[in-house]
Amino acid sequence: MVIKVFLASSSGSTAIKKKQQDVLGFLEALKVDYAPLDIACNEDNRMWMRENVPVEKKPTNGIPLPPQIFNEESYCGDYETFFDAKEDNAVYAFLGLPPPPGSKEAKEAEKAFILENGPVKNGTVENETVESETVENGTDDAEDEENLEAEEVEEENLDDDSLKREVPMDFNGDEHTHEVGGETGEEAAEEAAEEDAATEEKVAKEEEEAVKDTEEAAEDTKAPVKQEEAQEEVEDDEAKGEDDQPVSEEEEELRQLEEEEEAPEVTEEEEDE
């Protein structure tokens, strides 16, 4: 298979020249064999390129511009699709060539294959060998699941039968069964409601006792404060009573004498000055 690259050697467009150089340089770096076909000097090359480019890939004017890439007779794409393939590490897939071993594209292709088909061992897909082994041994997963479901159903039926035991016939000759649990859904609901009511009453009592304890503690703290206030009022009244008592004549005379004795001392000091 030969890769054909149609290009124009004498193009006046700088963009076209840059695109052509980019494609050829990348193919040479990958060591891909290609054949450059000039459409500027060869009319047959130009007509063949225009006829074999798909209609949906042609521009609005209907004339495709170089570079255009083919693998023999099959169309690969133009520069834009080539650039996208280069960015995605899928140039070999774009060119329709198998990627060389060890290349990034080969590794990515191997990963994609493993994700789809499972790991490969000794040249065969591992999933296929596992399936063949399970079929030969008669241990198909679907059959195992059905057997497990059947066993579970049998165990449930045995459990249901064991929950009930037969009771001898009563005096009226009617035979009845009695459940081991001894409680129906309604009885269980009534018991649960009674338990909830009991717990609510207990909580209410505890709250009332807590309120009483706090009130008693507050009263105990208020009593010493009131006693202290009463004692302070008594002391204040006693102090006021002492201040309001009338001064006797003797005390008044002593006070006047003290004032007279202090007055001459002051005058003597002023005269010395």
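## Exercises on a predicted model

Helices (H or I, at least four residues) and strands (E, at least two) are DSSP runs, numbered from the N terminus. The model is predicted: local features need pLDDT of at least 70, side-chain atom pairs count only at pLDDT 80 or more, and totals for chains, interfaces and linings use all residues. Residues are numbered from 1 along each chain as its sequence is written, and side-chain values use heavy atoms, without hydrogens and water.

**Exercise 1.** Compare the span of helix 5 with the expected one.

*Solution.* Step 1: helix 5 covers residues 104-117, 14 residues. Step 2: the expected span is 1.5 Å times one less than the number of residues. Step 3: from first C-alpha to last, helix 5 reaches 20 Å, close to the 20 Å expected.

**Exercise 2.** Describe the largest nonpolar core.

*Solution.* Step 1: define it as buried Ala, Val, Leu, Ile, Met, Phe, Trp, Tyr and Cys residues joined through side-chain atoms within 4.5 Å. Buried means under 20% relative accessible area, exposed over 50%, partly exposed in between (1.4 Å probe, protein chains only). Step 2: this core has 17 residues, and Ile69 and Leu95 have the most contacts inside it. Step 3: strand 1 (3-7), helix 1 (14-29), helix 3 (79-87) and helix 4 (91-95) each supply at least two residues. Helix 4 gives the largest share, four residues.

**Exercise 3.** Classify Cys41 and Cys76, then count disulfides.

*Solution.* Step 1: Cys41 is exposed, at 65% relative accessibility. Step 2: Cys76 is buried, at 17%. Step 3: a disulfide is a pair of cysteine sulfur atoms within 2.5 Å. The count is zero.
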